[in-house]
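Please take a moment to look over the sequence and the model below before reading on. The paragraphs that follow go from individual side chains to the chain as a whole.

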Amino acid sequence: MSKRVYQVFSTHLHPDPCRLTQPTTGSTAMLSQDHNQGFALRFIRPDPRSRVTDPIGDIVSFMHSFEEKYGRAHPVFYQGTYSQALNDAKRELRFLLVYLHGDDHQDSDEFCRNTLCAPEVISLINTRMLFWACSTNKPEGYRVSQALRENTYPFLAMIMLKDRRMTVVGRLEGLIQPDDLINQLTFIMDANQTYLVSERLEREERNQTQVLRQQQDEAYLASLRADQEKERKKREERERKRRKEEEVKQQKLAEERRRRNLQEEKERKLECLPPEPSPDDPESVKIIFKLPNDSRVERRFHFSQSLTVIHDFLFSLKESPEKFQIEANFPRRVLPCIPSEEWPNPPTLQEAGLSHTEVLFVQDLTDE
């Protein structure tokens, strides 16, 4: 009958999941003489199992071999590498039960057939923990064996997140009956459940803190965006006012230039007007102009002069509108005083049919 070794302690896993630091409590190292001899041989000649090239293939191969030998009624195997199983157990805050299978050990067959495949054991493992298993004859199993340093087979290790590190909290070595295995696993879980509860609370607190910080960040960003939007609108308003003021300024300058140009044009027209004929000149025409502001202006012109002279005279007046037309009353007509397509050269006063005394009306066209 092989010796059974039950150990419950905490061994922290090295960041490299294939290595272990020294146990934090008194763990035993029951290495047989054959084990020591094997180690010496491996020191001289490297073990071919030390090269892990297909860890998933190693796991799948062991699963198929296990089912061929012991049937399909067994705990649910974790179908992934040891590192992946550690990461999932850490993320999900679950216990991870690791089984290393010694193919050549005398107790492995009985343990698998009668203990590991017992219905009550299957139920406990499937409901309370993740279960990872592999043969130490496979490179992936051998790699984990080097990390966990088992002394004999069958070998089980319970691993969990403790003090924020994945830690071996229990080791079961040697043949064990179903009831004893259930009791030992339950004892290990009960003894360490508070660590998982504490870690869950810490995670919830961290998550709540993170959510609160995220909400605060979002609120800050929303406030910042609102302030930026307000500032953008203020800048746009300032720019709009500036453009408006600039537009008004330019309009004023344009209006001033227009008025100045208009005044200069009036002065030029006035300077260019021919002298006014004398009242006793038989060829003179006396014209009375009625302006839009109801004022009257009187001046004499010569029959031979173009109607353009009449227009230039009125244009030079300060009270005259900028744009206007001159109308005669009998018959009522508009005098062609400025060049047009119909009258490229405006007619003379005589040609326009004006008499010696005329009353003409000035019509304001500025707003048309």
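This is a predicted model: local features need pLDDT of at least 70, side-chain atom pairs count only at pLDDT 80 or more; totals for chains, interfaces and linings use all residues.

Two residues are said to be in contact when heavy atoms of theirs lie within 4.5 Å. Leaving aside residues up to four places away in sequence, glutamate 358 touches Lys286, Ile287, Ile288 and Gly353. Glutamate 358 is buried and yet has no salt bridge, since the nearest side chain of opposite charge, that of arginine 333, is 5.7 Å away, whereas a salt bridge requires a side-chain nitrogen of Lys or Arg within 4 Å of a carboxyl oxygen of Asp or Glu. What the side chain of glutamate 358 does reach is the backbone nitrogen of serine 355, at 2.8 Å.

Elsewhere charged side chains do pair up, and the count of salt bridges comes to 26. One of these joins aspartate 109 to arginine 113, with the closest N and O atoms 3.2 Å apart; because the two are four residues apart in helix H4 (residues 108–116), they are separated by about one helical turn. Aspartate 109 counts as partly exposed, at 29% relative accessibility, and arginine 113 is partly exposed as well, with a relative accessible area of 41%.

A salt bridge between arginine 164 and glutamate 202, whose closest N and O atoms are 3.5 Å apart, links distant parts of the chain, for arginine 164 is in the loop between strand S5 (155–162) and strand S6 (165–173) while glutamate 202 is in helix H7, 38 residues apart. At 54% relative accessibility arginine 164 counts as exposed, while glutamate 202, at 30%, counts as partly exposed.

Helix H7 also holds arginine 259 and glutamate 255, which lie four residues apart, about one turn of the helix, and whose side chains meet in a salt bridge of 2.9 Å, N to O. Arginine 259 is exposed, with a relative accessible area of 53%, and glutamate 255 is partly exposed, with 28%. Salt bridges that share partners also join Arg164, Glu199, Glu202, Arg203 and Arg206 into one network.

Helix H7, spanning residues 178–272, is the place of leucine 221 too, and Leu221 makes a nonpolar surface patch of about 280 Å² together with Tyr220 and Leu224.

Seen as a whole, the chain has eight helices and eleven strands, and buried residues make up 40% of its 368 residues. Among contacts with a separation of 6 or more, 68% are between residues 24 or more positions apart.

Technical notes:
Residues are numbered from 1 along each chain as its sequence is written. Side-chain values use heavy atoms; hydrogens and water are left out. Patches are made of residues with over 30% relative accessible area and no salt bridge: like charges are joined within 9 Å, nonpolar side chains (Val, Leu, Ile, Met, Phe, Trp, Tyr) within 5 Å. Accessible areas come from the Shrake-Rupley method with a 1.4 Å probe; for residues, only the protein chains shown count as cover. Buried means under 20% relative accessible area, exposed over 50%, partly exposed in between (1.4 Å probe, protein chains only). Lys and Arg count as positive and Asp and Glu as negative; His and the chain ends are not counted. A polar contact is a pair of N or O atoms within 3.5 Å; within protein, one must be able to donate a hydrogen and the other to accept it, and residues adjacent in sequence count only if both atoms are side-chain atoms.
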